[in-house]
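Please examine the sequence and the structure before reading the solutions.

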Amino acid sequence: MKQHSFHIPVMGIGFTVDTPLKVSHLGIDSVISLVDDVLLEKLRKMYCDLFQLPYREITESIEDFRAKRITSYLNLINGLAEKKFEKLKTVSAECSNDLKQYFNLLPDTSALKERFKRLTSPSFNLKELKDLVETNLAMGSIDVNIMTKVDKENYRKAERLPTQYNDAHAALRGYAHSDLSSSVILSAGMNPRLYSYMEEFEDFYPDVMGQVKKKITLKVSDYRSALIQGKFFAKKGLWVSEYRIESGLNCGGHAFATDGYLMGPILAQFRDRKEELTQELHGIMTETLSRKKRPVPTSPLPIKITAQGGVGTAEEHRFLIEHYKVDSIGWGTPFLLVPEATTVDDDTLDKLAKAKEEDLHLSDISPLGVPFNSLKGNTKDLEKFALIEKNRPGSPCPKKYVALNKEFTEKGICTASRQYQYLKIKELDQKALSKEAYQAEYDKIVQKSCACVGLGTTALLKYDLDTRTEGEGVSVCPGPNMAYFSKTSSLKEITGHIYGESNVISRTDRPNMFIKELTIYIDFLKRSLQETKDSISDKQRKYLSTFAKNLTEGIAYYETVFGSVKNAFESSKSQILDDLDRGMTTLNRLRLEIDKL
């Protein structure tokens with residue numbers, strides 16, 4: 001029933017927080033972040049007021065308030081989206097604008113779109129159109145995202161609560177108790193304790209018909225990680241329905257660099273070993289289900305392989321589908337410039353539209369200690385710099401979602417918080433460092449920015465909601481691809497661009513997505529080499545050598561692919577091959593430098 005070959009991934013905390021309400025009735029899949037239950041509660045009140053629905057606040061004094069807020073918000077969005085979809089499907093003497101839009105957004109190659117045109121022009125066949133709509137239309141999936149490592153312990157007064165009240169655990173429970181039939185996307189690495197907790201919820205198991213109401217999706221960076229995590233779930237009797245492969249560095253938000261493995265070779269491995277993966281996991285899962293005396297699927301459940309990170313043209317989109325056999329492609333960053341689909345405040349929208357390559361950078365601002373793609377000049381960073389100037393660095397940390405550091409305190413605190421930075425600078429003051437060395441260490445401390453608030457504030461500003469607790473600073477996390485999208489687009493314009501029916505990129509110098517990723521990885525290797533060359537350990541030398549070797553093998557793979565592929569990238573193939581050649585030359589020089597260390 002799925003009609004589109006793309007999905008809108010989670011972006012930040014607030015940018016896709018209500019995207020399903022905007023696009024689900026049109027058949028487009030999207031993802032809500034479950035990090036910020038305070039934001040979800042504020043939006044629930046706003047939408048209840050807007051649609052004149054009863055609202056009862058879920059305060060922090062209520063038992064299990066975080067999970068209950070999440071459940072209530074998801075149920076509200078699901079219910080409102082279903083109403084919009086049912087209204088859209090109501091076919092009378094003429095088509096509603098929403099129904100026309102549903103079909104209009106489909107690619108011109110869609111047989112369903114062609115049938116719709118035939119039934120509505122020149123005459124109007126009401127009976128057949130009703131049958132077509134009822135039989136073929138489906139809502140887009142309302143998926144959720146949980147960052148598995150953002151699993152802060154929680155306390156009631158001074159007493160630490162049991163593990164199931166940790167942030168990620170509560171978010172999972174909130175989703176599990178919701179009405180949704182969709183997927184939970186687990187990102188940011190493996191959390192065995194959280195994964196094991198999923199065993200407690202019936203909706204994650206296959207029923208007697210082999211159907212799973214709440215599916216598991218893993219965001220992974222390579223095949224080995226997918227296999228390890230897939231086995232972990234299978235041993236619990238749970239099935240991973242989708243492996244979502246994201247470029248390690250050519251993506252938005254947190255960037256989890258691989259050891260030099262590039263996206264193309266990774267996708268090829270998933271394509272070539274998908275059947276092997278399916279059969280192995282099926283055998284493990286069925287054995288566990290039998291032992292648990294649960295329904296056992298007679299044949300393997302389906303597995304989807306999806307990809308995202310840096311895709312920017314219809315040709316790249318089509319190539320991933322045809323060459324790597326992926327089931328869907330995530331278009332994230334470009335949708336930040338589509339107000340019909342995402343929630344971005346006007347000031348941030350303007351900054352994004354004007355952003356060039358030099359404005360987009362891989363930063364160290366995330367309190368999670370993971371490289372973070374960010375936009376220079378975002379208002380949250382401006383707030384941070386103003387506090388540093390006043391000699392009061394650090395955020396007041398009103399929400400504490402990433403208060404995970406226990407370096408100085410028994411309870412976790414956030415490395416972007418005023419409390420942590422004060423203690424860390426105090427520790428630094430005790431060291432007898434040179435002025436230059438002191439400044440370098442100081443800069444590392446104060447560069448951390450309050451992401452858990454900044455990534456959600458955009459929704460409060462967009463809807464003119466109270467920001468007294470959060471402030472008005474916005475963090476934004478586009479991928480490098482944003483440099484090539486320079487204007488706001490309608491939903492029709494961006495879907496037309498994805499399917500090759502129009503073009504919203506005016507620049508002619510955008511590099512191929514695989515080349516862009518390669519360039520970013522080479523730059524990452526250069527920086528890593530520069531940072532360690534004066535005092536490198538054997539472990540670091542081995543890491544850099546392996547990283548460079550894997551990149552070299554990746555270039556050789558691309559040379560074979562692009563040298564032999566037919567009916568793809570014909571106009572840019574010579575440029576791609578030249579870029580690969582230059583990349584190999586640079587890498588050979590870097591490998592010589594590493595060997596001399």
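**Exercise 1.** State which residues line the largest cavity, and describe that lining by element and by class.

*Solution.* Step 1: the largest cavity is lined by Leu34, Val35, Arg66, Asn145, Ile146, Met147, Val150, Asp167, Ala168 and Ala171. Here a cavity is a set of points, on a 1 Å grid over the protein atoms alone, where a 1.4 Å probe fits but cannot get out, and lining residues have an atom within 4 Å of a point.

Step 1: two or more of the lining residues come from each of strand 3 (142-147) and helix 7 (167-176). Helices (H or I, at least four residues) and strands (E, at least two) are DSSP runs, numbered from the N terminus.

Step 2: by class, this lining holds 7 nonpolar, 1 polar and 2 charged residues. Ala, Val, Leu, Ile, Met, Phe, Trp, Tyr, Cys and Pro count as nonpolar, Asp, Glu, Lys and Arg as charged, and the others, Gly among them, as polar.

The model is predicted: local features need pLDDT of at least 70, side-chain atom pairs count only at pLDDT 80 or more, and totals for chains, interfaces and linings use all residues. Residues are numbered from 1 along each chain as its sequence is written, and side-chain values use heavy atoms, with hydrogens and water left out.

**Exercise 2.** Determine how many cavities of 30 Å³ or more there are, and describe the second largest cavity.

*Solution.* Step 1: the count is 3 cavities of 30 Å³ or more, a volume being the space filled by probe spheres set on the grid points, which are joined across faces, edges and corners.

Step 1: around the second largest cavity lie Asn250, Gly310, Pro480, Asn481, Tyr484, Arg510, Pro511, Met513 and Lys516. This lining comprises 4 nonpolar, 3 polar and 2 charged residues.

**Exercise 3.** Locate lysine 113 and decide whether it is buried or exposed.

*Solution.* Step 1: lysine 113 belongs to helix 5 (residues 111-120).

Step 1: the relative accessible area of lysine 113 is 5%, so this residue is buried (buried: under 20%; exposed: over 50%; partly exposed: in between; 1.4 Å probe, protein chains only).

Step 2: leaving aside residues up to four places away in sequence, lysine 113 touches Phe103, Asn104, Leu106, Pro107, Asp108 and Lys492, where contact means heavy atoms within 4.5 Å.

**Exercise 4.** Characterise the protein chain as a whole.

*Solution.* Step 1: the protein chain has 21 helices and 12 strands.

Step 1: of its 597 residues, 54% are buried.

Methods
1 Å grid on protein atoms, 1.4 Å probe; cavity = no way out; pocket = protein on both sides within 12 Å on 5 of 7 lines; lining within 4 Å.
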